[in-house]
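Please look over the model below before reading on. The report that follows covers charged pairs, the nonpolar core and the pairing of elements.

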Amino acid sequence: MFVKVLTVDLLIPGCSSLKEKRFVLQSLKSRLRGRFNASVAEVAYQDKWQRSTIAIAMVGSDHKTVDETCGSIRRFIEGDPRVTVADALEEFR
């Protein structure tokens, strides 16, 4: 069994309230869950309007598949025009 955690620091420049931020993040998280069957949670900056850190966990029996899926997730997030990736960390656990 292989577990990979992708931690992504996001900037959300278009938000002017926590309500707007939550709308953007909820949409992004549900799309990640639906498309990649990944576990997603906001893990930091819950009280900041234009900043967030999300963690995505992938579990699989094949190292290569888990690694490729995390790469696809990262590209998917980077392609979302509502957010900017400030930093990302990938690690196998």
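Does Asp 80 count as buried or exposed? At 3% relative accessibility, Asp 80 counts as buried, where buried means under 20% relative accessible area, exposed over 50%, and partly exposed in between (1.4 Å probe, protein chains only). The model is predicted, so local features need pLDDT of at least 70 and side-chain atom pairs count only at pLDDT 80 or more, while totals for chains, interfaces and linings use all residues. Residues are numbered from 1 along each chain as its sequence is written, and side-chain values use heavy atoms, with hydrogens and water left out.

**Asp 80 and its partner**

Asp 80 lies in the loop between α2 and β4; helices (H or I, at least four residues) and strands (E, at least two) are DSSP runs, numbered from the N terminus. Leaving aside neighbours within four places in sequence, Asp 80 is in contact (heavy atoms within 4.5 Å) with Leu 28 and Arg 31. With Arg 31, Asp 80 forms a salt bridge, the closest N and O atoms being 3.3 Å apart. Arg 31 lies in helix α1, so this pair ties together parts that are 49 residues apart in sequence. Arg 31 counts as partly exposed, at 36% relative accessibility.

**Salt bridges**

Side chains of opposite charge can pair when their charged atoms come close. A salt bridge here is a side-chain nitrogen of Lys or Arg within 4 Å of a carboxyl oxygen of Asp or Glu. By this rule the count comes to 8 salt bridges. The table lists some of them, including the one described above.

| Pair | N to O distance |
|---|---|
| Glu 42 and Lys 21 | 3.0 Å |
| Arg 31 and Asp 80 | 3.3 Å |
| Arg 74 and Glu 78 | 3.4 Å |

Glu 42 and Lys 21 meet through their side chains in a salt bridge. Glu 42 lies in strand β2 (residues 39–44) and Lys 21 in helix α1, so the pair ties together parts that are 21 residues apart in sequence. Lys 21 is buried, with a relative accessible area of 1%, whereas Glu 42 is partly exposed at 21%.

Arg 74 and Glu 78 are 4 residues apart in helix α2, which means that about one helical turn separates them. Arg 74 has a relative accessible area of 30% and is partly exposed; Glu 78 is also partly exposed, at 44%. Both belong to a network of salt bridges that links Lys 4, Asp 67, Arg 74, Glu 78 and Glu 90.

Lys 4 lies in strand β1 and counts as buried, at 4% relative accessibility. Beyond its neighbours within four places in sequence, Lys 4 is in contact with residues including Ile 56, Val 66, Asp 67, Cys 70 and Glu 90. The C-alpha atoms of Lys 4 and Val 59 are 6.6 Å apart in space, with the two residues 55 apart in sequence.

How does the span of helix α2 (residues 63–78) agree with what its 16 residues should give? The expected span of a helix is 1.5 Å times one less than its number of residues. For α2 this should be 22 Å, and the end C-alpha atoms are 23 Å apart, which agrees.

The buried residues of α2 are Val 66, Thr 69, Cys 70, Gly 71, Ile 73, Phe 76 and Ile 77. What covers them includes β1 (2–11), α1 (18–36), β3 (51–60) and β4 (84–92).

In soluble globular proteins, nonpolar side chains tend to be buried together. A nonpolar core is a set of buried Ala, Val, Leu, Ile, Met, Phe, Trp, Tyr and Cys residues joined through side-chain atoms within 4.5 Å. The largest one has 22 residues, and those with the most contacts inside it are Val 8, Leu 10, Leu 32, Ile 54, Ile 56, Ile 73 and Ile 77. The elements giving two or more residues to this core are β1, α1, β3 and α2. Not counting residues up to four places away in sequence, Ile 77 touches Val 8, Leu 10, Leu 28, Leu 32, Ile 54, Ile 56, Val 83 and Val 85.

**Aromatic pair and strand pairing**

The structure holds 1 aromatic pair. Phe 36 and Phe 76 form this pair, which is edge-to-face, at 5.6 Å centre to centre and 75° between the planes. Phe 36 lies in helix α1 and Phe 76 in helix α2, so the pair ties together parts that are 40 residues apart in sequence. Rings of Phe, Tyr and Trp (its six-membered ring) pair if their centres lie within 6.5 Å; planes under 30 degrees apart count as stacked, over 60 as edge-to-face and the rest as tilted.

Strands β2 and β3 pair in the antiparallel sense over 5 bridges; two strands pair if DSSP finds at least two bridges between them. The bridge partner of Glu 42 in β3 is Ile 54.
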